[in-house]
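This report describes selected features of one protein model, shown below.

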Amino acid sequence: MPSPFAPTALIGESFVGEGADAAHTNIVIGRKGGPVETAWATALATPSAGHVPFMTVVRPSVPVKPLTLFVAKAAAQGELHQRATWGAAQAGLAQGVADAVDDGLIPAEEADDLLIIAAVWVNPAVGDLDVSFRNQRAAAYGALRAAVTGTPTVLDVQAAAKEGPANPFYTPTAEVLAR
């Protein structure tokens, strides 16, 4: 009998887009009955001020499969940010997970046995719900693909580190990087 998909935990990350409408998603995939289920249930049962994890739905009363917990990295502030977090980003996450199942990245026959925790960044300065949705859909799929394929590899990380770290918030100069 072949070993099950995600016997313990798979972890992935993806950043898509630019500016305030970019999406940054961290994903943990695991099986019910394992450590991911414990983390999933604990996070759902212990919200903190401004960070209330919730089940991601494709439509009201239709949770995406595998069941996916949306954990906001930024507390929802103001009407547009709330609509982006609970609306566009949630919809993008749900569609990205559904796309991964449709494409066979996550085996459909195992979807009921798996759980996903998604930590999702939605910038409080978000400006376009449609761009936010598209970026979150792509970031969710990219994070799932990274988790399933085990990428980046250590060699990929070492090569990137030789060029120097960089992210949308900070890129050190060559002078700062010098040892």
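Q90 is part of helix α2, where helices (H or I, at least four residues) and strands (E, at least two) are DSSP runs numbered from the N terminus. Because its relative accessibility is 11%, Q90 counts as buried; buried means under 20% relative accessible area, exposed over 50%, and partly exposed in between, with a 1.4 Å probe and protein chains only. The C-alpha atom of Q90 is separated by 9.0 Å from that of R137, and the two residues are 47 residues apart along the chain.

The model is predicted: local features need pLDDT of at least 70, side-chain atom pairs count only at pLDDT 80 or more, and totals for chains, interfaces and linings use all residues. Residues are numbered from 1 along each chain as its sequence is written, and side-chain values use heavy atoms, with hydrogens and water left out.

Helix α2 covers residues 78-102, and G78 belongs to it. G78 is partly exposed, because its relative accessible area is 41%. Its C-alpha atom lies 9.6 Å from that of A125, a residue 47 residues apart from G78 along the chain.

Two packed helices are described by the angle between their axes and the distance between the axes. For α2 and α3, the axes come within 7 Å and cross at roughly 40°. This angle makes α2 oblique to α3. Axes here are lines fitted to C-alpha atoms, for helices over the stretch in contact, and angles run from 0 to 180 degrees between N-to-C directions. Angles under 35 degrees count as roughly parallel, over 145 as roughly antiparallel, 65 to 115 as roughly perpendicular and the rest as oblique. The contact of α2 with α3 involves 13 nonpolar, five polar and three charged residues. In this classification Ala, Val, Leu, Ile, Met, Phe, Trp, Tyr, Cys and Pro count as nonpolar, Asp, Glu, Lys and Arg as charged, and the others, Gly among them, as polar.

How many cavities of 30 Å³ or more does the structure hold? There is one, and the largest cavity contains about 40 Å³ of space. A cavity is a set of points, on a 1 Å grid over the protein atoms alone, where a 1.4 Å probe fits but cannot get out; lining residues have an atom within 4 Å of a point. Grid points are joined across faces, edges and corners, and a volume is the space filled by probe spheres set on the points.

The lining of the largest cavity consists of A20, A22, A23, A89, W121, V122, N123, V126, S132 and Q136. At least two of the lining residues come from β7 (114-122), and at least two from α3 (129-149). By class, the lining has seven nonpolar residues, three polar residues and no charged ones.

**Backbone geometry**

Most residues other than glycine have a negative phi, and most peptide bonds are trans.

S61 is a residue other than glycine with a positive phi, near 70°. This serine lies in the loop between β4 (57-59) and β5. S61 counts as exposed because its relative accessibility is 75%.

Among the 10 residues of helix α4 (residues 154-163), the count of buried residues is zero, and the helix is hardly covered. Just after α4 comes G164, with a positive phi of about 105°.

**Further positions**

The C-alpha atoms of P7 and G19 are separated by 37 Å, although the residues are 12 residues apart along the chain.

Is F54, at 17% relative accessibility, buried or exposed? F54 counts as buried, and its place is in strand β3 (residues 54-55). F54 and D103 are 49 residues apart in sequence, and their C-alpha atoms are 25 Å apart in space.

Key:
On a 1 Å grid over the protein atoms alone, a cavity is a set of points where a 1.4 Å probe fits but cannot get out, and a pocket is an open set with protein on both sides within 12 Å along at least five of seven lines; lining residues have an atom within 4 Å of a point.
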